[in-house]
Amino acid sequence: MKRTNYCGLLTEKQINKKVMLFGWVHSWRNHGGVLFIDLRDKTGIIQITADPKNKETFKIAEKIRNEYVISVCGNVQKRPEGYVNKNLSTGALEVTAESVEILNTCKDLPLEIDGHYNVTEETRLKYRYIDLRKPRMIENMTVRHKVAQVVRQFLDKEGFLEIETPVLTRSTPEGARDYLVPSRVNKGKFYALPQSPQMFKQILMVSGMDKYFQFARAYRDEDMRADRQPEHTQVDIEMSFVEQDDIFKLMENMMQEVFSSRKEKISAPFMQMDYAEAMRKYGTDKPDLRYEMEITDVTDIFAQTKFKVFSGNLKSGNVIRALKADNSPLSKGGRGDLFSETSECTGRGGGGILSRGDIDKLTELVKKHGAKGLVWLKVTGSDAAESPTAKFFTQKEITDLIKRTNAKKGDILFLGSDKKETASIFMGALRNVLIKKLELKPDKKWAFLWVKNFPLLECGQEQDDKGKKIYISPHNPFTAPLEKDIPLLDTDPLKVNSHQYDLVLNGVEIASGSIRNHKRAMQESILK
């Protein structure tokens, strides 16, 4: 059982050469007596032909079915003209079998390998060994491996040491619950699985290691969400005697290396944005900047409004935010009635169009994110709009609103009013849904963004013994405050911003970090 080649790596250099292949039967078919077998391994697929003239080999090949494990010894040949499969890297080749051996049989599968099926996540995980045979899953594993090698080589070149840290440790205060492991030797006591190598990498810096990294496992006992799971791997990095810009430059260079290894080119430096600006413009601290759609503050436009919902909110110090949805049928390839009474879009053409039913669903969406309601206006001209609430607005308010948002005929303007933080959240959720609903095309393939200057503290739900709300750290309690904000620690802590930063790619947070406190007095002041 000596494999000479992998299936997907055969090239014209092997033509007329004998090869020994091993793999899984992806498919088989009988065309006029000749048996064709698609043999698959982790590199791809090669077509095997079994000729009935070779009686012994053909007899064995007739017994073969999908996902049997077989070995094939044969000669590499060019496929006959007109039978080339351009969808395969080996589509111009085939192997004429001299001998075939069935190494293992297979029952009918609970899921298909080619990926053209609907199956639950539970089934995929139950039969994980089958799921991992899929080309897409093999590609995921391969990409992960190659990216890890690029990161290792890059950080080694930059003078970092790869150091493993313990997994069985003591609990440290972080963002989620710890997984606990009972100690057999010390009865009644437990180890905690690390949420990150927090303590250990600080020890390494204090001991003078200077630059450290590892592919660290992180364990968090929290409910499953779209971007959360019980354990994950992170590239954990720690550096001494650096400023924030040093870290940004290092990470940007590393990401360029990673993307270059995938034959993708990205430019640096990446865009930077304060947390407050990200929340105001996009309603999230991880905005997808492939799309230009921005939330606009229009509080001043309605300062004297007679619309009671808005005027009442303004008296309470709340804000009014607007979001424009490009609903023009011309820009979408031509649709029918934009406001049909059903939730289905009418007419034909590319891109999504909002119906009245869609707007009702959007209203319910923002309510789930804290909104009390949603006001909308359909723009009918440069100074005109219509909706059930349009009659409550003055001509100047409508004209200024259309001008401020650069709206054009056919667009829909959504208005939300609430506390600044609440309005940001539900308008941000609205923006994300509209991008999908309107089928907007991204302006670029990759949109990197550094979100920085996060608040150092926020108000928690618990209260102290005097009835005052307790401040909590939204990230970790060891982040350094911005130097210019230090005087506010004693007078207005909620206005203090920190050296906390996230790296966002296409609306997904892919990295997070901070400059730590290194002065005892400052750390004690923050904890106090």
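Both Phe-307 and Phe-310 are buried, where buried denotes under 20% relative accessible area, exposed over 50% and partly exposed in between, for a 1.4 Å probe and protein chains only. The structure is a predicted model, in which local features need pLDDT of at least 70, side-chain atom pairs count only at pLDDT 80 or more, and totals for chains, interfaces and linings use all residues. Residues are numbered from 1 along each chain as its sequence is written, and side-chain values use heavy atoms, with hydrogens and water left out.

Rings of Phe, Tyr and Trp (its six-membered ring) pair if their centres lie within 6.5 Å; planes under 30 degrees apart count as stacked, over 60 as edge-to-face and the rest as tilted. The count under this rule comes to 14 aromatic pairs. The ring centres of Phe-307 and Phe-310 are 5.0 Å apart and the planes stand at 80°, so this pair is edge-to-face. Phe-307 and Phe-310 also belong to a cluster, linked by ring pairs, with Phe-302, Phe-392 and Phe-393.

An edge-to-face pair is also formed by Trp-450 and Tyr-501, with 6.0 Å from centre to centre and 80° between the planes. This pair links distant parts of the chain, as Trp-450 lies in strand S17 (residues 448-452) and Tyr-501 in strand S20 (residues 500-505), 51 residues apart. Strands (E, at least two residues) and helices (H or I, at least four) are DSSP runs, numbered from the N terminus. Trp-450 is buried, with a relative accessible area of 2%; Tyr-501 is likewise buried, at 6%.

Strands S6, S9 and S10 form an open sheet of 3 strands, in the order S6-S9-S10 and with mixed pairing; two strands pair if DSSP finds at least two bridges between them. Strand S6 (161-162) and strand S10 (231-239) are the edge strands, each pairing on one side only. S6 is joined by 2 bridges to strand S9 (residues 211-219), and the two run parallel. Helix H4 (residues 135-157) packs on the sheet and touches S6, S9 and S10, its direction making about 150° with that of S9. Contact means heavy atoms within 4.5 Å.

The axes of helix H7 (residues 275-282) and helix H11 (residues 420-437) come within 8 Å and cross at roughly 60°. Axes are lines fitted to C-alpha atoms, for helices over the stretch in contact, and angles run from 0 to 180 degrees between N-to-C directions. Met-279, Arg-280 and Tyr-282 of H7 make the contact with Ser-424, Ile-425, Gly-428 and Arg-431 of H11.
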